[in-house]
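Here is a short tour to read with the structure open beside you. Please have a look at the chains below, and then we will start with a single residue.

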There are 6 protein chains.
Amino acid sequence: MRPDQRRSNELRPIKITKDYIKHAEGSVLIEIGDTKVICTASIEDKVPPFMRGQGKGWITAEYSMLPRATETRNIRESSKGKLSGRTMEIQRLIGRALRSVVDLQRLGEKTVWLDCDVIQADGGTRTASITGAFVAMVDALGKLKEKNGWEKLPIIDFLAATSVGIVNDELVLDLAYVEDSSAEVDMNIVMTGKGQFVEVQGTGEESPFSSEQLTGLLELGKKGIDELVSKQKEVLSDWVLFIGGEA
Amino acid sequence: MRPDQRRSNELRPIKITKDYIKHAEGSVLIEIGDTKVICTASIEDKVPPFMRGQGKGWITAEYSMLPRATETRNIRESSKGKLSGRTMEIQRLIGRALRSVVDLQRLGEKTVWLDCDVIQADGGTRTASITGAFVAMVDALGKLKEKNGWEKLPIIDFLAATSVGIVNDELVLDLAYVEDSSAEVDMNIVMTGKGQFVEVQGTGEESPFSSEQLTGLLELGKKGIDELVSKQKEVLSDWVLFIGGEA
Amino acid sequence: MRPDQRRSNELRPIKITKDYIKHAEGSVLIEIGDTKVICTASIEDKVPPFMRGQGKGWITAEYSMLPRATETRNIRESSKGKLSGRTMEIQRLIGRALRSVVDLQRLGEKTVWLDCDVIQADGGTRTASITGAFVAMVDALGKLKEKNGWEKLPIIDFLAATSVGIVNDELVLDLAYVEDSSAEVDMNIVMTGKGQFVEVQGTGEESPFSSEQLTGLLELGKKGIDELVSKQKEVLSDWVLFIGGEA
Amino acid sequence: MRPDQRRSNELRPIKITKDYIKHAEGSVLIEIGDTKVICTASIEDKVPPFMRGQGKGWITAEYSMLPRATETRNIRESSKGKLSGRTMEIQRLIGRALRSVVDLQRLGEKTVWLDCDVIQADGGTRTASITGAFVAMVDALGKLKEKNGWEKLPIIDFLAATSVGIVNDELVLDLAYVEDSSAEVDMNIVMTGKGQFVEVQGTGEESPFSSEQLTGLLELGKKGIDELVSKQKEVLSDWVLFIGGEA
Amino acid sequence: MRPDQRRSNELRPIKITKDYIKHAEGSVLIEIGDTKVICTASIEDKVPPFMRGQGKGWITAEYSMLPRATETRNIRESSKGKLSGRTMEIQRLIGRALRSVVDLQRLGEKTVWLDCDVIQADGGTRTASITGAFVAMVDALGKLKEKNGWEKLPIIDFLAATSVGIVNDELVLDLAYVEDSSAEVDMNIVMTGKGQFVEVQGTGEESPFSSEQLTGLLELGKKGIDELVSKQKEVLSDWVLFIGGEA
Amino acid sequence: MRPDQRRSNELRPIKITKDYIKHAEGSVLIEIGDTKVICTASIEDKVPPFMRGQGKGWITAEYSMLPRATETRNIRESSKGKLSGRTMEIQRLIGRALRSVVDLQRLGEKTVWLDCDVIQADGGTRTASITGAFVAMVDALGKLKEKNGWEKLPIIDFLAATSVGIVNDELVLDLAYVEDSSAEVDMNIVMTGKGQFVEVQGTGEESPFSSEQLTGLLELGKKGIDELVSKQKEVLSDWVLFIGGEA
């Protein structure tokens, strides 16, 4: 039995509130158990210098935590004057994951900024950020579709993420912080709506793992992501029909 | 008539939600119209180096805005690697204001960190931060009172803040962003529950102002702050009796 | 009686030496008691990016102290690699104050840089900086008038600043460091030659203050600033007739 | 056929030169094809603050590239004043991977610094760094064994890393730069001498991948790592018998 | 004939004003022609970490220019957030030069901070800084001698510096800015009162120079430094008898 | 007798390996005794902003040490976030020295970047860098000559550097680290192939030196540099005939 009484293959309760911040083109508050992240999508009519003149768009992500999102207060990265390695790693992951389902050609010379700000943390903040940022991005592009008279969104597939791991020798889905901090193996999985892998990042710093364990973890992840995508489809019901097509 | 149909001496709707973040000793979401700030109070059992060994506590504040709290996206100060002058000025103001109503001797060698994170901005974010941070701080110290068996809180008086200004030659209370950006004179006032001034910061960059106008603005501010303190007393009803006494 | 035998409403001796630095378009050494500040005005034929293409000019200020301007040596901000909040706050104040009396339209697409470097500090360095920078700026613009054949300077009014405060329950004008460090209330006032307020920044961190006290402080400040403006008019006698007009 | 005529499951030529830098406790030059990395291991008799007093050691890694290790010159991170996200991600990976095979308890309160400096880059620099750093670390700990009279090294197992990927729909082992830059899927694998996974990091930004493809890539990686470990055992023949045991 | 009518072996007018800044233990304004530098000496009762516990003192120097010390305004290094290579090079030179004539053993565990702030620049700011800092340092140590009842100052010899160079094929002493900027060879020389070299830094970036030219430059430098030391002895007449002895 | 059995006027063994890094236009590994530096020359088809539009080229240098190039590990400057004064001083010296023998007019609007990375340090790293960087630069420009059909290289003369010093009252050539760290006087000399001085930097922080000693040191330096230039001519035999001419 897990600390919060969940079965090993059970996600925490999910809640996605759209239009959470009035100024942003797209915004959600995503809650996965006690993990709460504000995700906003901002659309800018230009691309970074390395992308200019190619007629293609760009997706970029930033991630941060409020100082008191955690059990003990963290020093702000703005006060320290630099981003931690952890933050950089996470925002690179979010951006890469989201880009994998966007048709940058169809998007055109625009940048979508995805800001993921964790206001309360209880494990799985990076995967919640990906799952929430996808919704914010679709919503922002949906508004653009209306305005620009696009036939479809420049989105190839749905995308969501979750964590899996080995805790006390048991394979579990969607680790809360208390599980995560004692896990032997910790893995983040990002998948498309069609069940293809976009990212697999597993680490066994505490204890290396076998091929069989890896296979088990990937199956558990797939189950969780299927449920997350269903949830996304509910929230994005207006846009479901306009997502898909070749990259 | 003001853009949002308010009278010149009318505050925007106020909402203060306590216990908004589970990890913090004290936390609120304060909403003043469309301005929304998460304020947390974190208690640390030591003081900064310059205060050590005096048996006294310290109050310090940090302020930030989410990138998309505003109409157009702001670059994160953590990405820029430094705090702007505006941020520094605001967090110095919040800290100074809050310290003025705390009996640092009675607090003892502890630091209260007040984090004010604006998740949606529509004018008056610094004054909303002060008003909200006061509530978060009292709540955190209230829990400490229970734990430490203090007779009273080390809080001398209530404290709230609002803005006043001159817009189109008219004196107005609690400026929303659209008013603020076209104001001739802009003033932030911090007052105690007993109606004494703690901070008065008025600036007439666009147009200097007379003594009579200044007097009018201060009266308008006092009216607004009285209402904000009433609201604070409702929300902090458990602690009202334990606030007061000499510094 | 005050530590330096002044009456409560008496300024310290004032000395303004023009043309102090040969390279600058305008420069003064201003001495207010033992506080000594070198103020230079540099004119640049362009404006910062956010002002381009509007046909208007810009005024910006920087403030610093030599490490040994103070009783104990301060670490240089260039060595620390960042400006303190205090420095940022002061330079924002100086810039804002000076802009309030410049007709940016008439100035045209130019930037006036005002550098205020404290070589010896004894209280009131920010107000001495404003008072001295005004003189340096007028002098620099005077040279530009000759060169450009302007009829008038793009200066609307005179501008000076002083501090007032409450020390041992007494209202005093122009606080020296020893008074400032023990003041209950500390207020900086910036006024125009016509006696209008440009900035009022009062803080009662040690002890909040009443409306009556505030009124008294403002009157004291007005008296001091009238004297400072008289001094400025002496030093700027060549330009007095060319100052004034609508913004 | 691959650009350098290798079969899809063939590693590039490997060369490991020990004792490459005279000052370091352990050092190697590792060459994997045209990728060349200097790896040094430095032993310090203390641990970072967060590890103090636990009687355990710590392993930490730093990674850098010479500016002209690459086709076009890169700006130094020391000149830019900050580490890139890529660098941080890589040095976190190297440290985590190496720690997984060290018995920190047996190591005692020491830090092993692993410096991986790429002097020539042609793909796979992070995996070459891990494979080389393992050798440098064992060599440094071997000298410590002699000095301290340890019976065994505090090393649980061998450790090596390689990359695999999908290029033009074909699964390939040990990607050179030209392959890496056009790969649909890119994966780094770190394994122990006993064939357990320590890290699996696969990314399909260009094209998501199926379970079957993932399985194929993992097998290919295992084959490569087995060969790399054989090479390590040759070079570390003096210490092979002293490696192993429980963490 | 030189631009300012000097002979090739003639120094510019020298003026040294002692006790220029009231707070510092030692301070001078040194003027060499139009070059003006404020030099202060601050004594701190501790040494930097790398010197602790040796019973010896330390001398360290910092150098800066006011933004408008020069013909065109320079951006402050505090605003840029870092020191330029030129500044670092100069302050390392000043510190090294001054240390060469101090008996650090006799000084004891104290640090002398020498701050050299150029308020007006016209060539030779680094050599004026050394010459002026020596005076400020002696004055500060003189006061310490009185207080501590030392028999002698911990100063081994006088120390001054000047520049020499080749301009239009002619060897000249003490280059003003207009000469310096067109010199083929530029050399800074630091010498003791007894005529020994402490630093010789010559650079022929524009044109390499021969042994004969080098010899001529060194002689010219010696002549200038003899005159500077005479000037120092006048200003420091109270302490001349207490300077000297073995290091 | 010197620690490594050399005579006082004897250089350490020299080895210059060309084409050490495959990507760079020019590259060498230079070994002077146990000091080993990788020098690369990179050619960029533009010049820095301050040189634009003059039809002339630019030479710039960067210098760094691997953390474990030294006896004890050094913290990386990229981790510290800034370059040390020592590094800046050295890279300014290298750039200035190399520029003195390049005809920037004939080079045209190109920048040559010289990267000197010390992989093992045993004294004299800055002079080895200059000597090695010259070879890398000539090699890179040689390739450009072929490509552009230049008649001659834009190189006026050969250039090399060495250190001399006074150790235990004896004048010695090419100091190894153990000598350098106990030297009374330390001097770096850069000379052209024709025996003219480009840089002379001597410092007697530990003990000032006389004219006679200076003359002796310069002669010793000349002898060493003659030998270094002979070595350069061997390695650069293909280009010797194409070097020379007026600047």
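Asp174(D) is buried, with a relative accessible area of 3% (buried means under 20% relative accessible area, exposed over 50% and partly exposed in between, with a 1.4 Å probe and protein chains only). This is a predicted model, in which local features need pLDDT of at least 70 and side-chain atom pairs count only at pLDDT 80 or more, while totals for chains, interfaces and linings use all residues. Residues are numbered from 1 along each chain as its sequence is written, chains are lettered from A and ligands numbered from 1 in the order in which they are written, and side-chain values use heavy atoms, with hydrogens and water left out.

**Two positive phi angles**

- Asp174(D) has a positive phi of about 60 degrees although it is not a glycine.
- You will find Asp174(D) in the loop between strand E7 (170-173) and helix H5 (177-180) of chain D; helices (H or I, at least four residues) and strands (E, at least two) are DSSP runs, numbered from the N terminus.
- Gln5(C), also not a glycine, has a positive phi of about 65 degrees.
- Gln5(C) sits in the segment before strand E1 (14-18) of chain C and is exposed, with a relative accessible area of 52%.

**Where chain B meets chain A**

- Contact, meaning heavy atoms within 4.5 Å, links 35 residues of chain B with 35 residues of chain A.
- About 2900 Å² is buried between the two chains, and carbon and sulfur atoms give 46% of that area; buried area is the accessible area (1.4 Å probe) that two parts lose on being put together, summed over both.
- His23(B), Arg68(B) and Arg73(B) supply 25% of the area that chain B buries against chain A, more than any other three residues.
- The rule finds 14 salt bridges across this interface, each a side-chain nitrogen of Lys or Arg within 4 Å of a carboxyl oxygen of Asp or Glu.
- Asp117(A) and Arg76(B) form a salt bridge through their side chains, at 2.9 Å from N to O.
- On the side of chain B that touches chain A, the elements giving two or more residues are strand E3 (35-44), strand E4 (58-65), helix H1 (77-80) and strand E5 (111-120) of chain B.
- E5(B) gives the most to that side, with 6 residues.

**Arg68(A) up close**

- Arg68(A) lies in the loop between strand E4 (58-65) and helix H1 (77-80) of chain A, and it is buried, with a relative accessible area of 5%.
- A polar atom of the Arg68(A) side chain lies 2.8 Å from the backbone oxygen of His23(B).
- Within chain A, the backbone oxygen of Glu71(A) lies 2.9 Å from a polar atom of the Arg68(A) side chain.
- Leaving aside neighbours within four places in sequence, Arg68(A) is in contact with residues including Arg73(A), Ile21(B), His23(B) and Glu25(B).

**Leu104(F) and its surroundings**

- Leu104(F) belongs to helix H3 (residues 104-107) of chain F and is buried, with a relative accessible area of 15%.
- The C-alpha atoms of Leu104(F) and Gly57(F) are separated by 4.8 Å, although these residues are 47 residues apart along the chain.
- Not counting residues up to four places away in sequence, Leu104(F) touches Gly55(F), Lys56(F), Gly57(F), Trp58(F) and Ile59(F).

- Chain A and chain E do not touch, and their nearest C-alpha atoms are 11 Å apart.
- Chain B and chain F are joined by no contact, with their closest C-alpha atoms 11 Å apart.

Key
Polar contact = N/O pair within 3.5 Å; in protein donor to acceptor, adjacent residues only side chain to side chain.
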